Amino acid sequence: MKMDFRKAVKMFVLLAGIVLVGLTGMPEAKADMEHHAMMMRMMMHGGPVTFYLMNQDRIGLSKDQVKKLSDLKSTFRKTAILEKAQIKVLHLDVMKDMMHRKINTKEVREDMDKILAHKKKIMDAYLDMIAKAHLTLSPEQFSKVKKLWRETMMMHHGMLEQHHHM
């Protein structure tokens with residue numbers, strides 16, 4: 001049976017997904033993957049900084065604070081986009097290298113280390129953005145936003161609970 005590379009990769013991903021579901025149980029695995037994907041999307045789009053900007057009137061942000069937060073978010077997003085592109089390219093290389101009977105494990109491990117280094121750059125940039133964003137807010141605004149965030153998360157988790165019990 002002859003199979004082209006793309007079909008082989010799709011088959012590998014499909015089999016890995018089946019194994020993951022088989023090991024963890026369908027509903028929990030799907031919910032965990034959806035939650036992880038949602039958290040990653042939220043992080044990649046600026047995490048709480050986006051929330052602060054969406055609620056700028058309720059928090060009482062000045063125009064200067066809005067500009068600083070927008071700039072922090074934009075700088076992070078640019079870094080994340082560039083690093084994610086590098087990760088995708090490295091993933092392609094790893095998948096190609098793993099399709100051989102005799103895998104050059106040294107080369108694959110080096111690429112995996114590079115992937116982790118790019119992920120660390122995203123995480124470091126995220127941490128820097130959040131730390132600077134929190135210092136942009138006054139102590140009163142930070143208290144207000146924490147309360148608003150808690151209310152939003154409680155409401156969100158309540159909706160998730162209802163959705164999972166249907």
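**Entry 1: terms and model**

I take contact to mean heavy atoms within 4.5 Å of each other. With that term, I looked up the contacts in the protein chain with a separation of 6 or more: residues 24 or more positions apart account for 76% of them.

I note that this is a predicted model, in which local features need pLDDT of at least 70 and side-chain atom pairs count only at pLDDT 80 or more, while totals for chains, interfaces and linings use all residues. Residues are numbered from 1 along each chain as its sequence is written, and side-chain values use heavy atoms, with hydrogens and water left out.

**Entry 2: the chain as a whole**

I looked up the secondary structure and found 7 helices and 0 strands in the protein chain. Helices (H or I, at least four residues) and strands (E, at least two) are DSSP runs, numbered from the N terminus. Along the sequence, the pattern reads α-α-α-α-α-α-α.

Of the 166 residues of the protein chain, 26% are buried; buried means under 20% relative accessible area, exposed over 50%, and partly exposed in between (1.4 Å probe, protein chains only). The accessible surface of the chain is about 12500 Å², and 64% of that belongs to carbon and sulfur atoms. These areas come from the Shrake-Rupley method with a 1.4 Å probe, and for residues only the protein chains shown count as cover.

**Entry 3: α5 and α6**

I looked up how α5 and α6 pack: the angle is about 170° and the axes are 9 Å apart. Axes are lines fitted to C-alpha atoms, for helices over the stretch in contact, and angles run from 0 to 180 degrees between N-to-C directions. The angle therefore makes α5 roughly antiparallel to α6 (under 35 degrees is roughly parallel, over 145 roughly antiparallel, 65 to 115 roughly perpendicular, and the rest oblique). The residues of this contact divide into 15 nonpolar, 6 polar and 12 charged. Here Ala, Val, Leu, Ile, Met, Phe, Trp, Tyr, Cys and Pro count as nonpolar, Asp, Glu, Lys and Arg as charged, and the others, Gly among them, as polar.

I also checked two residues of α6. I122 is in helix α6 and is buried, with a relative accessible area of 5%. I122 and I81 are 41 residues apart in sequence, yet 9.0 Å apart in space, C-alpha to C-alpha. T136 is in helix α6 too and counts as buried at 18% relative accessibility. Beyond its neighbours within four places in sequence, T136 is in contact with Q65, K68, L69, L72 and Q141.

I found N104 in the loop between α5 (63-97) and α6 (105-136). N104 is partly exposed, at 42% relative accessible area. A polar atom of the N104 side chain lies 3.1 Å from the backbone nitrogen of E107.

I looked up α3 and found it largely enclosed by the rest of the structure, because 7 of its 8 residues are buried. The buried residues are G47, P48, V49, T50, F51, Y52 and L53.

The side chain of N55 reaches the backbone oxygen of F51 at 2.9 Å.

I59 is placed in helix α4 and counts as buried at 2% relative accessibility. Neighbours within four places aside, I59 is in contact with Y52, Q141, K144, V145 and L148. I59 and L137 are 78 residues apart in sequence and 9.2 Å apart in space, C-alpha to C-alpha.

Conventions:
A polar contact is a pair of N or O atoms within 3.5 Å; within protein, one must be able to donate a hydrogen and the other to accept it, and residues adjacent in sequence count only if both atoms are side-chain atoms.
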